[in-house]
There are 2 protein chains.
Amino acid sequence: MQKKSQEKGLLLVVSAPSGGGKGTILQELFRRDGNLRLSVSATTRAPRPGEEHGKQYFFLGREEFEGMIAAGDMLEHAQYVGNYYGTPRGPVEEWRGQGHDVVLEIEVQGGRQVKKLAPDCVSVFILPPSMEVLEKRLRGRGTEPDEAVCRRLETARQEIPCAKGYDYIVYNDRLEDAVADLEAIIRAEKRKYTRNSDCIERVLEDAEAQ
Amino acid sequence: MQKKSQEKGLLLVVSAPSGGGKGTILQELFRRDGNLRLSVSATTRAPRPGEEHGKQYFFLGREEFEGMIAAGDMLEHAQYVGNYYGTPRGPVEEWRGQGHDVVLEIEVQGGRQVKKLAPDCVSVFILPPSMEVLEKRLRGRGTEPDEAVCRRLETARQEIPCAKGYDYIVYNDRLEDAVADLEAIIRAEKRKYTRNSDCIERVLEDAEAQ
């Protein structure tokens, strides 16, 4: 257990094309893995009734947000309908320092930005097995008009090529398999040599001391 | 299941310092994972009673062995007490082509050679939690005289720094954890982007065809 407490948590970037079922997969992953934390985004838009600072979002002023971008304190950010949205680095690093693995659930443009500011992040792209399956799922929801489904499919077509910049590809074929893949990726990444060079030194020092 | 049959198996290089408990871990891994195959070494030494060609070893003539080295058909090789020992590439690639993951259980010098000839291999170094634990285990066997234990420890001290060239470090602390780590590494490696670029193209082509 001594080993565990010294390990810094992973930063896991998870992206998927529109309607890729990322939500369901992450929900199940969080249910199983109590060490995971979901990153909370920051925004300059006004809180809606019932929304709490630090829960749904960190609600920030425009100047404060822009100051954080300038200082490199936003792992990624974008503007949408006149407001900023982004991922503050501070809370992510704090959790990681406590040994928690932190999940960033973001779209592909954000994913690229995170890789630049946090090169030790682990990025996973969740891919539908085919466009046909994706379309069936979107229509199967039955909640959206035909036009909205078409728009989502068009967005997905543009997002799928971005999978090329990611470290891992997980297929959203069967929920059970996709979740087990993510669990395996988290476990394996912790065993990477690059994250364990200290521990080797420790065994070696011990060896020299003998 | 369609996906499975098209995937090339992994080549897993597993090394550990003398007495590192690699045998027990691999035995349990093979018990659980029916898709694994253990690579059979080749040697120029004469077969002992009961040994079969292709089971314990591929028994080869010296000229044949040297011809295979020259042709790049030995993934690694070494001489020991006047005989050659090595890993023929052919059977390994045949199994991988059938979708089997192949384990090469070799010492550190061999590990480096394999990485050169098969750069897509996945290498794992099994590390004892400390030299003290390693010594206790070696003495605990009670089968070897003190001198032999000291020689094994000295070899281990020389081999541990070689962990630096490996992709993953697995601690041989608790058997259950070490085996689960190896299972996770195998599963995660299959999800690496570099092993899935074809599948992305397939989804993309499908998207364009719509």
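Let me start with one term: two residues are in contact if their C-beta atoms, placed from the backbone, lie within 7 Å. Keep that in mind for what follows. One caution as well: this is a predicted model.

Chain A first. Chain A has nine helices and nine strands. Its C-alpha atoms fill a box of roughly 70 × 45 × 30 Å along the principal axes. Of its 210 residues, 34% count as buried. Now take the contacts in chain A with a separation of 6 or more. Residues 24 or more positions apart account for 69% of them.

Next, one helix: H8 of chain A, residues 175-190.

Which residues of H8(A) are buried? Among them are A:Ala178, A:Val179, A:Leu182, A:Ile185 and A:Ile186. Charged names turn up on that list too: A:Asp181, A:Glu189 and A:Lys190 are buried.

What covers those buried residues? From chain A, the cover includes strands E1 (11-15), E7 (101-105), E8 (122-127) and E9 (168-171), and helix H2 (22-32). Chain B contributes as well, with its helix H8 (175-189).

Now the core. The largest nonpolar core has 92 residues. Which members touch the most others? They are A:Leu12, A:Val124, B:Leu12 and B:Val124. Look at A:Leu12. Leaving out residues up to four places away in sequence, A:Leu12 touches A:Asp101, A:Val102, A:Val103, A:Leu104, A:Val122, A:Val124 and A:Ile186.

Over to chain B, and its sheet. Five strands form an open sheet in the order E2-E7-E1-E8-E9, with parallel pairing. The edges are E2 (36-38) and E9 (168-171) of chain B, each pairing on one side only. Neighbouring strands are turned by 30° against each other on average, direction ignored. Zoom in on one pair. Four bridges join E1 of chain B to E7 of chain B. In that pair, B:Val13 has B:Leu104 as its bridge partner.

Last, the interface. Here 30 residues of chain B are in contact with 29 residues of chain A. On the chain B side, E9, H8 and H9 (197-209) each supply at least two residues. Which element gives the most? H9(B) does, with six residues. By type, the chain B side divides into 19 nonpolar, three polar and eight charged residues.

Methods. Residues are numbered from 1 along each chain as its sequence is written. Chains are lettered from A and ligands numbered from 1 in the order in which they are written. This is a predicted model: local features need pLDDT of at least 70, side-chain atom pairs count only at pLDDT 80 or more; totals for chains, interfaces and linings use all residues. The expected span of a helix is 1.5 Å times one less than its number of residues. A residue is buried if 20 or more other C-beta atoms lie within 10 Å of its own, exposed if 12 or fewer, and partly exposed in between; C-beta atoms are placed from the backbone. A nonpolar core is a set of buried Ala, Val, Leu, Ile, Met, Phe, Trp, Tyr and Cys residues joined through C-beta atoms within 7 Å. Two strands pair if DSSP finds at least two bridges between them. Axes are lines fitted to C-alpha atoms, for helices over the stretch in contact, and angles run from 0 to 180 degrees between N-to-C directions.
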